[in-house]
Amino acid sequence: MHYRIITACLLCPLLVHAGEVQREFNPQTGIERVQVEHPGFSLRLLPLASDYVAAVFSARGLPQDIVDATRAYCAFGTILKNTGQQPLHYRLTDWRYVTTDGKTHRLKTKTQWLEEWKDRSLAFRWILLHEEQTYQPGDWGQGFTTLPLPAGSQFDLYYSWTQGDKTYEEKIEDVHCAPVEAPDPDA
Amino acid sequence: MKKKSKTFTAHQSKHPTQMRNAFALVALMLAWLVPATTFAVLGHGLSRLPTPVAAPDFTLEDMDGKSYTLSSLRGKVVMVNFWATWCPPCREEIPSMETVYQALRNEDFIVLAINQWESPDHVFSYMGQLDVYPNFPILFDRDSSVSVAFGVQGLPTTLLIDKQGRVVYRAMGGRNFNHPEVRALIQQMIDTADSESP
């Protein structure tokens, strides 16, 4: 009996922090949005089609070669929010993306993009989500995150954040990059 | 973690492939904009810095070429907002900034909305699309040097600068600045003597 109580108490913090994954699939675009709410932290991922990403950067006046380079990446509109009462710190470089072949991938960060494009990349500074930030209670941010994966790729996301003096790691299974093009409704 | 699936219902019609792709692209654009606003209903909390820090000085021009220098506004409470037209929460918080500005503009309070990267022509046409036209100065930080000096890493970011030219409060992400608590906070900063801290 005592063993069960102790086990339950040990599991309690994990259960309290586990979040529910909500998915919204749009058959017209073939895109599945993912949202998860944890106590004190929420995350939303919206897969972005390569045409859309290219259009956004083209509209910012970036050179065509840079615009074309973005097409090789799986991009997400990513929103992170501190919904708790303590400062929250995230570092996207700690996040892991494990594809179905078992390989682990990392984000291409804003800093890496800026380094690659140096003086030509000012617009990118604001559209990409900064790779490491501390959010005070109520703070939130949004921006693109980019993965060196082809369109339509599938992966499990292992993400982490620190709040107060605790670091949490969670997993979202079966996240999909946007498809190459919208599904054919006649197919 | 549990999974919960929800499927959109969508009308399916026979369009040529190009037309279908164009529709999909527009849908995607809207899909990115809409959840950004609905997911993050604007809160109102601003974080007080543990220690107020001197705001970096700057001089920027507005749409009419009029210059604004931060240090010349000493003695006023200044709300500095970093924004861009493509940023949904930036757009969403503009009406609340305008309301606060109209309510307090005659009481040693000013809002400076500092646009990042974009041209005055582009911003001017964007302003025409807004439900609430902002009357506070829109300044242009074309090379982002001012935002870098303030350590801004994402848009929108808003700072409250006290009468002594010190950054006292900060908010990352969109906010409702017309919330009674925010208005009371600004009013308190206005009512505080120049040499005091609220």
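A search of the whole of this predicted model finds two disulfides over all chains. In chain A, Cys74(A) is joined to Cys177(A), with an S to S distance of 2.1 Å. The torsion about its S-S bond is -100°, a left-handed link. Cys74(A) and Cys177(A) are each buried.

The other disulfide is in chain B, between Cys87(B) and Cys90(B), whose sulfur atoms are 2.2 Å apart. Here the torsion about the S-S bond is about 80°, and the disulfide is therefore right-handed. Cys87(B) and Cys90(B) are both buried as well.

I turn now to the salt bridges. Side chains of opposite charge can pair when their charged atoms come close. Over all chains, the search of the whole structure gives 12 salt bridges. One of them pairs Arg96(A) with Glu169(A), at 3.0 Å from N to O. This pair links distant parts of the chain, since Arg96(A) is in strand β6, residues 96–99, and Glu169(A) is in strand β11, residues 166–176, 73 residues apart. Arg96(A) has 24% relative accessibility and so counts as partly exposed; Glu169(A), at 46%, also counts as partly exposed.

Lys108(A) and Glu116(A) form a salt bridge at 2.5 Å, N to O. Which of these two partners is buried? It is Lys108(A), with a relative accessible area of 13%, whereas Glu116(A) is partly exposed at 45%.

A further salt bridge, between Asp139(A) and Arg175(B), has an N to O distance of 2.5 Å. This pair crosses between chains: Asp139(A) is in the loop between β8 and β9 of chain A, and Arg175(B) is in the loop between β9 and α5 of chain B. Both residues, Asp139(A) and Arg175(B), are buried. There is also a network of salt bridges, which links Glu24(A), Arg33(A) and Arg44(A).

In α4 of chain A, residues 110–117, the buried residues are Lys110(A), Trp113(A) and Trp117(A). Why do they share one side of α4(A)? They cover an arc of only 65° around the axis, and this places them on the same side of the helix. An α-helix has 3.6 residues a turn, so residues three or four places apart point the same way. After α4(A) comes Lys118(A), with a positive phi near 40°.

Technical notes
Residues numbered from 1 in each chain as written. Chains lettered and ligands numbered in written order. Predicted model: local features only at pLDDT ≥ 70, side-chain atom pairs only at ≥ 80, totals over all residues. Heavy atoms only, no water. Salt bridge = Lys/Arg side-chain N within 4 Å of Asp/Glu carboxyl O. Helix = DSSP H or I, 4+ residues; strand = E, 2+ residues; numbered from the N terminus. Buried < 20%, exposed > 50% of the residue type's maximum accessible area, 1.4 Å probe, protein only. Arc of directions from axis to C-beta. Disulfide = S-S within 2.5 Å.
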